[in-house]
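Colleague: Could you walk me through the packing and the charged pairs here?

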Amino acid sequence: MGNRPICATSDKGEAEESNRMLNVPSTSGLTAKPPVGRSEYGRVKVALGPGKGLMDWVRLTKNKVLAKKQMKFVDHEELSKHSTEEDCWIHLFGKVYDVTEYLDFHPGGKPELMRAAGRDGTALFNQYHAWVRYETILESCYVGAFKGNLSHLKPCDPPSTENRESAGGDQDLRDATMVMTMFDRLIVANKEWKGISSECLTISTTKNSLRILVRPFNKEPVQIEWVGVPRPIAEASFKLEMNDEQIILIFDVTISIKILESAGIYKLERNPARRYHATTVTTIKRLNHDTLLIDLELPRGLYMPIPVGHHNSLAIKKGGGFLPNISSNISPFPKTKPSLFIWGPR
């Protein structure tokens, strides 16, 4: 089978752990909990009221249809009409849900879910809890399949709680992270990364940017991104070394890389949005009736191993958009070149 650049892979791996599927606070001792905060994975969480937990929602929705209206197809014009707390629809992965009844049960709070009211919430969902089985949780809220143009919808609102951020990103993270250069070496260090493996990194370059994504197991990912990097540096090959809590990139360049330690050229961010990289499918092998083995060729300038226990996301390009994200059905296959097992119902 010939090379075909038909898919993109995401670099924000997720460790599947049952104890963080929804991170719903218990309803006991609510008065001792703050009304709103952020989990260790960066997403907003609130103290839910009595009778608003996950199991309460399961009991409420069992064998019921809570969507006020069901349609075969929903276009962007119809979706955008339902954007209030009394009538709230959202788009997720090609499907539209009436989440009006779910608003009070959302672990992140009503304001967070309302950010996507009448809009496409897919990217927002991926950013905070891509591992959640939303189809099961929202089964009773299903309205219909989306058939329209997502680009005509308004973007999601900004977060409902304030982060301590500046032009350089998360200021607390910036204060705790060292960025320095030494001859041809870029050194980035943070005590939170002590003992981290190189498998937990994604490094990507373009003609004028450099990005390092740090994915410590059981901790929220951290992104450091340089924009406006001189092209000879951005396009240079590099070697990666790890030294305890230090990430060291050794560039094959003849010019100084000291610009990379300039405060105004890089930004740090916790729990960044999922980002995809165009890849080339080199071979596709059917292993059985519902399992494929796909070999991928990564683009130049991308270092993206997949740690054991993490999943990867795949988006297949079709026309002007992408088919729905199927991250929960993809796992890495340990070979010398990137491979993916894909399985699930046909």
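This is a predicted model: local features need pLDDT of at least 70, side-chain atom pairs count only at pLDDT 80 or more; totals for chains, interfaces and linings use all residues.

Colleague: Which residues touch the most other members of the largest nonpolar core?

Modeller: A nonpolar core is a set of buried Ala, Val, Leu, Ile, Met, Phe, Trp, Tyr and Cys residues joined through side-chain atoms within 4.5 Å. Buried means under 20% relative accessible area, exposed over 50%, and partly exposed in between (1.4 Å probe, protein chains only). The largest core has 28 residues, and those touching the most other members are Leu-186, Ile-212, Ile-224, Trp-226 and Phe-251.

Colleague: And which residues are in the second core?

Modeller: In soluble globular proteins, nonpolar side chains tend to be buried together. Here a second, separate core has 23 residues, including Trp-57, Ile-90, Leu-124 and Tyr-128.

Colleague: Why are Arg-59 and Asp-56 about one helical turn apart?

Modeller: The two form a salt bridge, with the closest N and O atoms 2.7 Å apart; the term means a side-chain nitrogen of Lys or Arg within 4 Å of a carboxyl oxygen of Asp or Glu. Helices (H or I, at least four residues) and strands (E, at least two) are DSSP runs, numbered from the N terminus. Arg-59 and Asp-56 are about one helical turn apart because they lie three residues apart in helix α1.

Colleague: How many residues apart are Glu-241 and Arg-185?

Modeller: Their side chains meet in a salt bridge at 3.5 Å, N to O. This pair links distant parts of the chain, with Glu-241 in strand β16 and Arg-185 in strand β12, and the separation is 56 residues.

Colleague: Is Met-55 buried or exposed?

Modeller: Met-55 lies in helix α1, residues 54-61. The relative accessibility of Met-55 is 51%, so this residue counts as exposed.

Colleague: Last one: which residues join Lys-69 in a salt-bridge network?

Modeller: The structure holds 16 salt bridges. Some share partners, and these join Lys-69 into one network with Glu-78 and Lys-81.

Note on methods. Residues are numbered from 1 along each chain as its sequence is written. Side-chain values use heavy atoms; hydrogens and water are left out.
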